[in-house]
Structure formats: structure tokens, C-alpha cells
Amino acid sequence: MFDISELNNDTKEKLDIDLTIDFPEDKLNGTEIKKLENIKVKGSITRIENSVYHLTIHITGKMGLLCARSLENVDYPLDIFVDKNIGEVENDEEIQVIYQNSLDIFAIVWENIVLEVPLRVVKEDASFISEGNGWSLTDEDELKETNSPFSELKSMLDMEGK
């Protein structure tokens, strides 16, 4: 929570934000994100009117994701700029982030990080995984060379048709 009481009692016109946020591992459960490192939030917040505030923040850091080809960890850089009014009712689904004299920066940062998760990440030098526990990929040439369990059945059908 970020204290905004100085804005509410007109002591200050603008509050600077300079935070480092550590996300607990349980927050990452159920997401594609495997780790978050060095999440830094810098910016400012000003009060527009009674309970409406203008937030401008820059979020940087690293997000750990899985490579779609090799299933190895990939560090994905974060560089997010947020410029929005908070407290205006846009729709019923908006996350509640203002509590009396506090602003929940954590919720705003988390929402924007989740929006930045790409659909697919591929490591530059990644190679395809061609086998695993009880399975393997083969190309057509390898398939012709191996004796398929259906090859005997096929030969029996070929003989019956002649």
C-alpha cells in the first residue's frame, strides 16, 4: 500500500513513487510466469479531484517464462509504462485499489505485468524436444526404416487382396 494522505489533505500536489516489489511465489501459481526479478516501479501520482487520481509509473524488471520449444527457462524483460486515472468508475470489473488514504500499487503493477505475458516465448538457441517419457518424434525417413507394428497386418491384407 502506498500512502496518499498527503494528496488528500492538500499537503502535496504530487507524490513520487520509487519502489522495488517482491512478488511471493504463491502469487505466481496458476500463471505462465515462473519468476519475477528486480521489479522496480518509478513514477508519480497526483490528485485530480475528490477521489480521482492520476498515476504515471514505469515498471521494469525480468519475468521468467518457459520456452515453447525446449521448455527451458527464458528471462523476458519488462518495460511497461502506465498512465491512467484511478478512482473513475470505468466498469464494474475494475480492481479496487484505493482504500481510505492508501493506494494498492501492488495490484496495479501485477495487473499490468500479467497483461504483458506473451502468448509464446522461444529462446534464441532453442532446439525442439524430440523425445520424452514414453514418446519420441520421428521423421518420415526414420518411420520407413523402422518396423511398424502394423506392417505385418498390412502385408497380410496385401496378400489377401491378391
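Together with F150 and L157, L153 makes a nonpolar surface patch of about 350 Å². Such patches are made of residues with over 30% relative accessible area and no salt bridge, where nonpolar side chains (Val, Leu, Ile, Met, Phe, Trp, Tyr) are joined within 5 Å and like charges within 9 Å. The areas come from the Shrake-Rupley method with a 1.4 Å probe, and for residues only the protein chains shown count as cover.

## Basis of the values

Residues are numbered from 1 along each chain as its sequence is written, and side-chain values use heavy atoms, with hydrogens and water left out. Since the model is predicted, local features need pLDDT of at least 70 and side-chain atom pairs count only at pLDDT 80 or more, whereas totals for chains, interfaces and linings use all residues.

## Overall architecture

The secondary structure of the protein consists of five helices and nine strands, and from the N terminus these elements follow the order β-α-β-α-β-β-β-β-β-α-β-β-α-α. Of the 162 residues in the protein, 27% are buried, and the accessible surface comes to about 11,800 Å², with 47% of this area belonging to carbon and sulfur atoms.

Among contacts with a separation of 6 or more, 63% join residues 24 or more positions apart, a contact being defined by heavy atoms within 4.5 Å.

## The nonpolar core

The largest nonpolar core holds 33 residues, and those with the most contacts inside it are L36, I45, L103, V109 and I113. A core of this kind is a set of buried Ala, Val, Leu, Ile, Met, Phe, Trp, Tyr and Cys residues joined through side-chain atoms within 4.5 Å. Two or more residues are given to this core by each of strand 2, strand 3, strand 4, strand 5 and helix 3, and strand 4 gives the most, with six residues.

When neighbours within four places in sequence are left aside, the contacts of I45 include F2, I4, L7, L15, I17, Y53, L55 and L103, and also E13, K14 and H54. In helix 3, which covers residues 105-115, lies N112; this residue counts as buried because its relative accessibility is 15%, and, not counting residues up to four places away in sequence, N112 touches I59, I80 and V82.

## Pairing of strand 4 and strand 5

Strand 4 and strand 5 (residues 73-86) pair in the antiparallel sense over 14 bridges, where pairing requires that DSSP finds at least two bridges between two strands. Within this arrangement, H58 has F81 of strand 5 as its bridge partner. The hairpin formed by strand 4 and strand 5 has six residues between the strands, and in this hairpin L71 takes a positive phi near 60 degrees.

## Salt bridges

A search of the whole structure finds four salt bridges, each defined as a side-chain nitrogen of Lys or Arg within 4 Å of a carboxyl oxygen of Asp or Glu. One of them joins K14 and D16, whose closest N and O atoms are 3.9 Å apart; K14 is partly exposed at 46% relative accessibility, whereas D16 is exposed at 56%.

E37 forms a salt bridge with K35 at 3.5 Å between the closest N and O atoms, and the side chain of E37 also meets that of K62 in a salt bridge (4.0 Å, N to O). Because E37 lies in strand 3 (residues 35-49) and K62 in strand 4 (residues 52-66), the latter pair ties together parts that are 25 residues apart in sequence. E37 is partly exposed at 29% relative accessibility, K35 is partly exposed at 32%, and K62 is likewise partly exposed at 32%. A network of salt bridges links K35, E37, K62 and D75.

## The loop at K12

K12 is placed in the loop between helix 1 (5-8) and strand 2 (14-21), and is partly exposed with a relative accessible area of 40%. Leaving aside neighbours within four places in sequence, K12 is in contact with E6 and L7. The C-alpha atoms of K12 and R47 are separated by 9.4 Å, although the two residues are 35 residues apart along the chain.

How values were computed
Helix = DSSP H or I, 4+ residues; strand = E, 2+ residues; numbered from the N terminus. Buried < 20%, exposed > 50% of the residue type's maximum accessible area, 1.4 Å probe, protein only.
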